[in-house]
Amino acid sequence: MLIKTILNRIQKHASFVYGTVRLIETLGSLAIEVEIEPRANSRPRCSGCNRRRPGYDTLKPRRFAFVPHWGIKVFFVYGLRRVNCIACGGILVERVPWAEGKSPLTKTYAWFLAKWAKRMSWEEVARAFRTSWDSVFRSVEMAVLWGREHMDLEGIKAIGIDEVQWQRGHKYLTLAYQIDAHCKRLLWIGKERRVKTLMSFFRWLGRERTAAIQFVCSDMWRPYLKVIAKKAGQAIHVLDRFHVMSHFNKAIDKVRASEARALKAKGHKPILKHSRWLLLKRPENLTPKQEVGLALILRHNLRSVRSYLLREDFQGFWDYVSPSWAGKFLDRWCTRALRSRIDPIKRVARMLRRHRALLLNWFRAKGQISAGAVEGLNLKVKLTTRKAFGFRTYRAIEIALYHTLGALPEPKTTHEFC
Ligand SMILES: [Zn+2]
């Protein structure tokens, strides 16, 4: 049968041959079963030590799901032999090249599912290939474990430390990215955002590679600052634009919400209604309709408006080239903000003042780390965590993030299935 010819072309196993191929029908659905037989006189390999051992007995034939063909499920059928292994001390099942452990999926099929899981959600993959969510998850997990084991950690010069909320109730993940111009990827994920969390990242990275880091980007989150100073003190530590500006947005959001409430209570016109994104978005990103809306709001001398204008002024900070001029700008801006009598904005100003030196490091590192890298990766992380993947557990989210953002290597194969 032709199927055997194709299989021998795309996936040949040294000590095994393809046998009978059957088309079967159960409960109205078709399946192709391909029997596998050991080559005559070949001895099985022990799954414990991978050495050839004398056979002991043969188990009942099992099915291993292979890549479906024409919408028809394909299975390898093989009865695993057991070996008598003196090195491992007992009767063990043999190792076969197409599957691992007790998995009901062939490795080829698992890689196939994992590759599709990069292009669509796990649920969609399961539906498209009529398999279970769990099979997709196991496949992605296998791909991630393999990739993490084979990833290259040489030449990391710039890293970004980021946090993301992944469940209601202040549950955070700490993420460490590589943000070098030639390689941007997720390196590591840890539960929570404590000193302990980031310490384990540096432990994972190792002392030598940590010492080679030249730039670190992070937020002003105190535990991170502490650990970075301790572990990567040689690197230029930068507070990146994306994280700094996100503090402004949180402040403006607070001012706007409380002011809208106060206006409503006093019976004023609801001028701040639907204004949230007008004030949070950068003006150049507004739609024409939003521009009109913003112009209307800006006519009023509201606290929200003054906060907005203070933030827009602060954007000028990032255009400086010299750290000393940027420093002067920062000081002037902070003085003005502290006189604004708007508490959330004053808090931002005090925070910026406290981190003056780290902020000015931005200009010392300019041009050497790509500015939008952390923001871009953060956006992708949020997309992945929000997608309806059915992520309930930390393990699932961890695997999904490594899979989509880790730029993990894959093994070389003779045939590309997808
Ligand atoms: Zn053994």
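Strand S3 and strand S8, which covers residues 90-95, are antiparallel partners joined over 2 bridges. The model is a predicted one, in which local features need pLDDT of at least 70 and side-chain atom pairs count only at pLDDT 80 or more, while totals for chains, interfaces and linings use all residues. Residues are numbered from 1 along each chain as its sequence is written, and side-chain values use heavy atoms, with hydrogens and water left out.

Strands here are DSSP runs of E with at least two residues, and helices are runs of H or I with at least four, both numbered from the N terminus. Two strands count as paired if DSSP finds at least two bridges between them.

On which strand does the pairing of S8 run over 4 bridges? That strand is S7, residues 81-85, and its pairing with S8 is antiparallel. Here Cys 85 has its bridge partner in S8, namely Gly 90. S7 and S8 form a hairpin with 4 residues between the strands. Gly 89 in this hairpin adopts a positive phi near 75°.

These pairings belong to an open, antiparallel sheet of 4 strands, ordered S3-S8-S7-S4. At its edges lie S3 (45-46) and S4 (55-58), each of which pairs on one side only.

Thr 384 is located in helix H15, whereas Arg 347 belongs to helix H13. Thr 384 is buried, because its relative accessibility is 7%; buried means under 20% relative accessible area, exposed over 50%, and partly exposed in between (1.4 Å probe, protein chains only). Arg 347, with a relative accessible area of 44%, is therefore partly exposed. Thr 384 can also be placed relative to Ala 400: the two residues are 16 apart in sequence, and their C-alpha atoms are 7.4 Å apart in space.
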